[in-house]
Every structure is written in C-alpha cells, then in structure tokens.
Amino acid sequence: MDLGIKGKKALVCASSKGLGLGCARALAEAGVDLVMNARGKDALEAEAQKIREEFGVSVETVAADVTSEDGRAALLKAAGEVDILVNNAGGPPPGQWTDWEREDFIKALDANMLTPIALIKALVPGMMERGWGRVVNITSVSVKAPIAVLGLSNSARAGLTGYVAGTARQVAPKGVVMNNLLPGLHATNRTVSLDSAAAETSGKSFDEVRAEKSAAIPAGRYGTIEEFGATCAFMCSQFAGFMVGQNILLDGGATNTTM
C-alpha cells in the first residue's frame with residue numbers, strides 16, 4: 001500500500017534499536033527521509049547506514065540525549081523543518097512505590113512527558129503553517145492498565161497522554177494529526193531488562209518468566225518491532241487524517257478492556 005508520505009521528512013527519537021528503530025525502518029520503507037536520534041553514536045550510525053542502503057532514503061543521525069536541553073537543541077538544529085515527529089524515550093526503572101523520591105519523579109517526567117512536549121512545541125507550529133503534519137508519541141499500555149512496578153512510567157506517560165488529548169484537538173484544524181501508540185510486551189532490550197528483574201525478584205528463571213508472560217497474551221507471544229513500526233507508519237500516513245487524539249493499543253490482546 002502506498003502510504004502517501006514518500007518524500008516527507010521524519011524525526012524519530014531513540015531509534016537506534018527497539019521500537020524506535022522499527023518505526024524508522026517502516027517510515028523509510030514508505031519513502032520518508034529520516035533524522036534518527038539516540039545516545040549511542042556507533043549503534044545509531046550502523047542502523048542508519050543499513051536503512052540508507054536498503055531503502056535509498058536520506059538519513060541524518062544526531063547522537064544526543066534528547067532528554068537534556070543541550071541534546072534537544074542539537075537535535076532540533078539538525079532536524080530543521082520536519083513533517084513527522086515520532087516521540088520516544090526509554091522508560092524509567094521499575095521498583096516499588098516506596099522506592100521513589102521527588103527526584104526520581106522529576107527524571108521520569110523530564111524523559112517521558114516534558115521532553116516530548118518540548119519537541120511538539122518546537123516542531124508542530126511549522127507543521128501547522130505548512131498545513132500538514134503527523135505526531136506519534138510512543139507511550140505504554142500502562143496508560144490504560146497501570147503496571148505496579150512501573151509507577152514512574154505510569155505517572156509520566158499518563159501526564160503526556162492528558163496533554164496530547166487536548167493539544168491534538170487544537171492542532172487538527174491545521175492539518176496536524178497527533179496520536180499515541182501504546183506498546184504492550186514487545187521483543188526489545190527493554191523487556192529483556194524487565195523480565196530479568198522479574199526473574200530475580202521471583203526466583204524464577206528468565207525463560208520461565210517470559211513463558212508465563214507470553215501465555216498471558218491472547219496472541220501467545222511478544223510483539224515484534226516490525227509490526228510495531230508498520231502501525232506507526234500507518235498512523236503517519238495519508239490515511240490517518242481522521243484519527244485525532246487517539247491511544248492505539250498494540251499489545252496482542254493482553255489488556256482486557258472494551259475501550
């Protein structure tokens with residue numbers, strides 16, 4: 001299917017691996033030129049070169065911590081005007097509610113709420129002026145069904161969700177479509193970390209933890225970055241113009257809800 005976005009330009013954050021990389025690759029396959037960002041320069045450039053060779057699109061890399069002011073400034077300077085923004089950042093560490101202090105919440109809010117808001121404020125006005133834009137915020141299934149050990153993530157991502165709900169409806173009349181993509185369990189380094197922590201806490205093996213979690217998903221498995229990226233690309237396409245301020249759940253049916 002032609003997504004109608006060939007020749008557009010996208011900024012994809014945290015895109016050297018995992019879900020961000022899945023999104024970058026799917027957009028490149030649709031003919032979108034990329035600005036890819038991550039903290040690790042070597043891994044970022046390696047994946048960018050693969051995308052250049054495989055899909056023939058322009059790819060610029062910016063190795064920077066997007067959660068810092070200096071990192072965002074460098075990224076925005078390099079990106080210039082973009083048509084598509086994919087907000088993404090690694091989640092804060094798991095723990096118990098008694099573990100977290102004010103500084104822990106500030107770090108989580110900076111990374112998973114205030115950073116995407118800053119990028120939206122910087123880039124969406126230009127999209128509005130040009131009459132077309134797409135913003136996809138990668139959040140988490142936890143905004144629909146909180147995960148106890150991810151209280152920091154629950155809080156920060158829920159805050160971003162509330163901000164997007166109002167903002168999406170203000171920018172839609174100017175042709176800018178803004179939505180959230182909520183991943184459940186996908187086969188990424190993040191889930192390896194979480195499953196390893198769960199194994200250590202429970203006394204079970206890593207394989208046992210993963211098997212139990214997979215069995216609790218109606219699809220019977222973890223998701224892949226390829227199918228996640230394809231969903232993101234569709235949300236950035238010409239066909240998503242009537243999808244405004246929505247939270248698209250991609251979790252294999254694990255969240256038992258009617259809404």
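How much space lies in the largest cavity? In this predicted model, where local features need pLDDT of at least 70, side-chain atom pairs count only at pLDDT 80 or more, and totals for chains, interfaces and linings use all residues, the largest cavity holds about 90 Å³. Residues are numbered from 1 along each chain as its sequence is written, and side-chain values use heavy atoms, with hydrogens and water left out.

A cavity is here a set of points, on a 1 Å grid over the protein atoms alone, where a 1.4 Å probe fits but cannot get out, and its lining residues have an atom within 4 Å of a point. Grid points are joined across faces, edges and corners, and a volume is the space filled by probe spheres set on the points. The structure has one cavity of 30 Å³ or more. Its lining numbers 14 residues, with Asn87, Asn88, Ala89, Ala111 and Pro116 closest to the centre. Helices (H or I, at least four residues) and strands (E, at least two) are DSSP runs, numbered from the N terminus. By residue class, the lining has eight nonpolar, five polar and one charged; Ala, Val, Leu, Ile, Met, Phe, Trp, Tyr, Cys and Pro count as nonpolar, Asp, Glu, Lys and Arg as charged, and the others, Gly among them, as polar.

Attention now turns to the nonpolar cores, sets of buried Ala, Val, Leu, Ile, Met, Phe, Trp, Tyr and Cys residues joined through side-chain atoms within 4.5 Å. Buried means under 20% relative accessible area, exposed over 50%, and partly exposed in between (1.4 Å probe, protein chains only). The largest core has 34 residues, and Ile5, Leu27, Leu34, Met36, Ile51 and Ile84 have the most contacts inside it. At least two residues each come from β1, α1, β2, α2, β4, β5 and α8, and α1 supplies the largest share, seven. Beyond four places in sequence, Ile51 touches residues including Leu21, Leu34, Met36 and Val59, a contact being heavy atoms within 4.5 Å. Apart from this core lies another, of 23 residues, among them Cys13, Ala79, Leu85 and Leu160.

What of the cysteines? With a disulfide taken as a pair of cysteine sulfur atoms within 2.5 Å, the count is zero. The sulfur of Cys13 is too far for a bond, because the closest cysteine sulfur, in Cys23, is 11 Å away. Cys23 is likewise in no disulfide, the nearest cysteine sulfur, that of Cys232, being 3.4 Å away. Cys13 is buried at 1% relative accessible area, and Cys23 is buried at 0%.

Key
On a 1 Å grid over the protein atoms alone, a cavity is a set of points where a 1.4 Å probe fits but cannot get out, and a pocket is an open set with protein on both sides within 12 Å along at least five of seven lines; lining residues have an atom within 4 Å of a point.
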